[in-house]
Amino acid sequence: MSHSFVHLNVHTEFAIVDSTIRIPQLIAKVKSLNMPAVAITDMNNVFAAIKFFNAAKKAGIKPIIGADVWVSNTEDPNDVFEITLLCQNQEGYLNLSQIISHAQYHRNNQHQPCVSTEFIFNHHAGLIVLADSLLSDVGQQIINQKLDEAVELMCGWKQVFGDRYYMAVAEIKRANEAAINSAVI
């Protein structure tokens, strides 16, 4: 029996700061649950990509490579928000690599690797955006009860990414999550 559920935002031991999930254990668990695919999205890096890709392919699981990236707010460069970028194909992987490399060289005052929305828009081919309901720019506007601004931002992303832009709704018991998810939906 095959599951229709696929994890699209798993951080691995290569995330450096926020995960201890090792690739062999991840693949074994995904296989034991009969999941057809899994995505890794370590923060601002794709260090695990080759090890993950090879292990997933060997196990008959579709590997999805991506990354969570910090994006600088154009109004306040030290204020960042987070989005998840998933690769659809090789062009997407190359664009994600460009985005991550650019971010590493353009850090804010807190020394966070950041990239501008404009840079992402210029390197969007082959990428899918998952905008978290709380951590994305749209989510931040919803938190601040600025729904018109949230819609405007969402429309900007949709104009560039079309049907490759999604608002990600999660229920993991974060503060104000239910109300914000409701607004997103």
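**Close-up views of a predicted model**

**View 1. His111, a loop residue with positive phi.** His111 sits in the loop that links helix H3 (90–105) to strand E4 (115–116). The model is predicted. Phi of His111 is near 65°, a positive value in a residue other than glycine. Most residues other than glycine have a negative phi. The relative accessibility of His111 is 55%, so His111 counts as exposed.

View 2. Asn34 lies between H1 and strand E1 (37–40), in the loop. Its phi is near 60°, again positive in a residue other than glycine. Is Asn34 buried, partly exposed or exposed? Asn34 is partly exposed, because its relative accessible area is 42% and that falls between the cut-offs of 20% and 50%.

**View 3. Ile61, a buried loop residue.** Ile61 belongs to the loop between helix H2 (49–59) and strand E2 (62–72). Its relative accessibility is 4%, so Ile61 counts as buried; the cut-off for buried is under 20%. Which residues does Ile61 touch, leaving aside neighbours within four places in sequence? They are Ile27, Val30, Lys31, Met35, Pro36, Ala37, Val38 and Ala56. Take Ala37: it is 24 residues from Ile61 in sequence, yet the two C-alpha atoms are 5.1 Å apart.

**View 4. The packing of helices H1 and H2.** H1 covers residues 23–32. The axes of H1 and H2 come within 10 Å and cross at roughly 30°. That angle makes H1 roughly parallel to H2, because angles under 35 degrees count as roughly parallel. The crossing is right-handed. From H1, the contact uses Ile23, Pro24, Leu26, Ile27 and Lys31. From H2, the partners are Lys51, Phe52, Ala55, Ala56 and Ala59. By class, this contact has eight nonpolar residues, two charged residues and no polar ones. Ile27, Lys31 and Ala56 are also among the contacts of Ile61.

**View 5. The whole chain, for orientation.** The protein has seven helices and six strands. Along the sequence they follow the pattern α-β-α-β-β-α-β-α-β-α-α-β-α. The radius of gyration is 16 Å, close to the 16 Å that the globule rule gives for 185 residues, so the protein is as compact as a globular protein of that length. The C-alpha atoms fill a box of roughly 45 × 35 × 30 Å along the principal axes. Of the 185 residues, 44% count as buried. Among contacts between residues at least 6 apart in sequence, 66% join residues at least 24 apart.

Definitions and conventions: Residues numbered from 1 in each chain as written. Predicted model: local features only at pLDDT ≥ 70, side-chain atom pairs only at ≥ 80, totals over all residues. Heavy atoms only, no water. Helix = DSSP H or I, 4+ residues; strand = E, 2+ residues; numbered from the N terminus. Buried < 20%, exposed > 50% of the residue type's maximum accessible area, 1.4 Å probe, protein only. Contact = heavy atoms within 4.5 Å. Axes fitted to C-alpha atoms, helices over the stretch in contact; angles between N-to-C directions. Parallel < 35°, antiparallel > 145°, perpendicular 65-115°, else oblique. Left-handed = near helix turned anticlockwise from the far one by under 90°. Nonpolar A, V, L, I, M, F, W, Y, C, P; charged D, E, K, R; others polar. Rg over C-alpha atoms; globule rule 2.2 N^0.38 Å.
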